[in-house]
Amino acid sequence: MELGIYTFGDLKAHPLTGERESTHARLLRLIELAKTADRAGLDVIALGEHHRKDYVISAPEVVLGSMAAVTTRIRLSTSVTVLSTQDPVRVYQQFATIDQISGGRAEIMAGRGAFVESFPLFGYHLDDYEELFDEKIRLLLELRDNEVVTWQGRLRPSLDGALISPRAFQDRLPVWIGVGGTPQSAVRAGALGTPMFMSFFQGPDSGRRLVDLYHRAAASAGHDPGSLKTASGGHLYISRKSQTARDEYYPYYSDYFTQLPQFARGMPREVFEQWVDSGLIVGSPQEVIDKILRHREILGVDRYVGQIEVGSLPGELVNASLELFAEEVAPVLRRETAVTPNPT
Amino acid sequence: MSGGERIERTIGILGAGKLGTVLARLATAAGYRVLIAGSGAVDRIALIVEVMAPDAIATTAEGVVAEADVVILAAPLGKVRSLPLDALSGAGAIVVDATNYWWPVDGILPDFEQAELSSSEIVRNLMPGARLVKTFNHMGYHELDTEARPAGHPDRKALAIASDDPTALMIVAEVVDAMGFDTIDAGALAEGVRFEPGTSAFGATASRVALLTMLEAGDSPAVARGRMSR
Ligand SMILES: NC(=O)c1ccc[n+]([C@@H]2O[C@H](COP(=O)([O-])OP(=O)(O)OC[C@H]3O[C@@H](n4cnc5c(N)ncnc54)[C@H](OP(=O)(O)O)[C@@H]3O)[C@@H](O)[C@H]2O)c1
């Protein structure tokens with residue numbers, strides 16, 4: 001199975017000292033992260049898109065372009081591209097450019113995103129939330145598959161024999177759909193025959209039905225089951241010992257979640273322990289191997305990507321966790337999953 | 001969940017998303033007849049219902065309201081005005097409000113920025129004839145899915161419940177119990193503020209005793225609502 005990492009480029013003040021890294025230093029550190037992951041032989045690095053103060057990446061295409069120039073093997077993707085509020089033509093052009101620079105290593109993962117800041121920012125209406133994504137993902141796939149496109153929709157001006165240039169380096173630039181748990185999104189990915197990514201805060205069990213929906217929607221749309229692909233992900237933290245991993249990670253994890261209404265006062269330790277026990281991937285290398293294998297067993301995923309940075313988790317801890325992932329977890333997982341699973 | 005004897009009641013669910021499909025599964029497991037609808041035509045959700053809640057019946061929103069004894073609102077609050085409000089109000093239906101003012105997805109909804117009313121009171125004012133009960137809103141869909149337990153189970157979790165209509169509250173409490181959770185009567189609908197986003201009870205997957213303590217913490221989101229770091 002393929003293994004990789006993703007990050008939103010968190011830029012959060014340290015909960016105790018209140019210090020915040022400079023945007024400049026943070027971006028350079030991201031590019032270093034890509035170099036390290038590339039050298040360590042991971043298959044993919046993906047970047048989120050946010051338009052909030054606590055994240056440094058609002059333009060993942062630009063950061064991926066820089067990463068393309070200093071890496072050699074690793075695939076460069078997003079997690080996710082908030083397609084609803086972008087122009088698919090521009091998205092395709094940018095990723096085709098990254099694909100050319102990197103010699104065919106670019107991917108797009110389109111999604112609706114967990115936040116909605118980009119709607120007012122780019123002049124879109126939340127009332128069109130569903131329709132915007134639906135229309136734009138279809139257009140993006142058209143652009144990916146055809147150099148000259150004639151298209152008509154409701155929310156974007158029509159294209160009449162428009163030339164889409166440059167073309168990607170790969171014959172078909174991979175376009176994934178990221179799904180957060182909404183059944184309709186899994187149906188859409190299946191119906192369009194795109195690969196599907198699912199992220200989990202806790203165990204992968206709730207994904208079982210989403211994968212089933214995905215495969216059934218794909219079958220009824222006539223897509224070849226062999227062409228379908230799935231991936232899973234979620235927060236990832238590894239330390240030498242199980243207890244150390246929990247203790248090191250908890251304060252930053254709790255602080256990170258204060259941005260969500262249900263944890264406005266921080267995540268209680270019992271909740272954290274409950275999440276870890278029920279599948280949040282935090283632990284020793286062996287525990288992490290077992291947990292990722294559960295994703296594989298339950299969902300039949302072809303790829304796992306771990307969210308390696310969160311909130312103000314310090315760079316040293318991120319790097320140590322990444323090193324364990326690449327050197328102790330990944331080799332075992334590759335060996336154990338060398339045979340393709342039968343998705344259930 | 002409770003014993004398996006068939007309860008002759010039809011539960012309707014408006015919303016076939018993350019929450020709606022989990023509630024449909026819990027309600028069918030409890031032995032209820034369950035009708036579920038999305039915002040559009042039946043064929044849009046047929047496959048979803050077949051996979052996510054195979055014993056529930058996919059129909060339209062109007063169909064749900066016409067037939068159900070208890071209607072659960074499981075659509076985003078931003079879509080509340082697209083619900084069949086007149087039918088909900090006119091029939092004097094028992095309506096369970098499982099929604100939250102969830103700014104990360106709903107954006108800013110001016111209607112729900114009024115800090116002096118609980119979000120469920122604002123919903124009730126949109127369907128004045130309905131007998132509105134607030135519950136299910138403060139636990140995540142993943143927890144609702146995995147934490148349902150039969151009555152008396154030592155690990156059973158609790159849900160807060162509030163209403164201005166004591167009979168409706170009792171009926172819904174019975175439904176919640178059959179679906180696998182204890183309830184704590186938090187009082188009138190106005191008390192719903194004690195388990196809205198921003199309170200300690202919100203997001204809690206806790207036993208009756210633990211939830212009671214959180215509800216009594218007395219924090220209200222009046223400060224938090226509409227003003228959290230966003
Ligand atoms: N997710 C949770 O863990 C959770 C927990 C407790 C409470 N809640 C609350 O429950 C509500 C739903 O959340 P969710 O996470 O389930 O959202 P979701 O996954 O986006 O699903 C929303 C559903 O509502 C449907 N809908 C929209 N307008 C409708 C209408 N007029 N009539 C009938 N159905 C309509 C949508 O159908 P279409 O796709 O056909 O438009 C969709 O199936 C929110 O208020 C949320 O705050 C959520």
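Student: Which side chains of chain A and chain B meet in a salt bridge?

Tutor: Side chains of opposite charge can pair when their charged atoms come close. In this model, which is predicted, the side chain of Arg216(A) meets that of Glu50(B) in a salt bridge, with a distance of 2.3 Å from N to O. The count of salt bridges between chain B and chain A is one.

Student: Which helices of chain B supply at least two residues each of the side that touches chain A?

Tutor: Four elements of chain B do so, namely helix 1 (18-29), helix 2 (42-52), helix 5 (103-106) and helix 7 (141-147). Helix 2 of chain B gives the largest share of that side, with six residues. By kind, the residues on the side of chain B that touches chain A divide into 13 nonpolar, ten polar and ten charged.

Student: How many residues does each chain bring to the contact, and how many residue pairs between the chains are in polar contact?

Tutor: Chain B brings 33 residues and chain A brings 28 residues. Between them the two chains bury about 2600 Å², and 57% of that area lies on carbon and sulfur atoms. As for polar contacts, the count between chain B and chain A is four residue pairs, both residues being at pLDDT 80 or more.

Student: Turning to chain A by itself, what does its radius of gyration say about its shape?

Tutor: The idea is to set the value beside what a compact globule would have: for 344 residues that would be near 20 Å, and chain A, with 19 Å, agrees. Along its principal axes, the C-alpha trace of chain A spans about 60 × 45 × 40 Å. The secondary structure of chain A comes to eleven helices and twelve strands, and 60% of its 344 residues count as buried. Among contacts in chain A between residues at least 6 apart in sequence, 72% join residues at least 24 apart.

Student: Which residues in helix 8 and helix 9 of chain A are linked as a pair of distant parts of the chain?

Tutor: Arg246(A) forms a salt bridge with Asp277(A), and their closest N and O atoms are 3.0 Å apart. Arg246(A) lies in helix 8 (residues 242-256) and Asp277(A) in helix 9 (residues 269-277), so the pair links parts of the chain that are 31 residues apart. A second salt bridge joins Asp247(A) to Arg269(A), with the closest N and O atoms 2.9 Å apart. Here too the pair links helix 8 with helix 9 of chain A, across 22 residues.

Student: Is Arg246(A) buried or exposed, and is Asp277(A) buried or exposed?

Tutor: Since buried means under 20% relative accessible area and exposed means over 50%, Arg246(A) is buried because its value is 12%, whereas Asp277(A) counts as exposed because its value is 58%. In the second pair, Asp247(A) is partly exposed at 39%, and Arg269(A) is partly exposed at 26%.

Student: Which residue does Arg25(B) meet in a salt bridge within chain B?

Tutor: The side chain of Arg25(B) meets that of Asp145(B), at 2.9 Å from N to O. This pair links helix 1 with helix 7 of chain B, the two residues being 120 residues apart. Arg25(B) is buried, at 13% relative accessible area, while Asp145(B) counts as partly exposed at 23%.

Student: Which residues of chain A are linked in a network of salt bridges?

Tutor: The network links Glu2(A), Arg75(A), Glu107(A), Lys229(A) and Arg303(A). Over all chains, a search of the whole structure finds 39 salt bridges.

Note on methods: Residues numbered from 1 in each chain as written. Chains lettered and ligands numbered in written order. Predicted model: local features only at pLDDT ≥ 70, side-chain atom pairs only at ≥ 80, totals over all residues. Heavy atoms only, no water. Contact = heavy atoms within 4.5 Å. Buried area = accessible area lost by both parts, 1.4 Å probe. Salt bridge = Lys/Arg side-chain N within 4 Å of Asp/Glu carboxyl O. Polar contact = N/O pair within 3.5 Å; in protein donor to acceptor, adjacent residues only side chain to side chain. Nonpolar A, V, L, I, M, F, W, Y, C, P; charged D, E, K, R; others polar. Rg over C-alpha atoms; globule rule 2.2 N^0.38 Å. Buried < 20%, exposed > 50% of the residue type's maximum accessible area, 1.4 Å probe, protein only.
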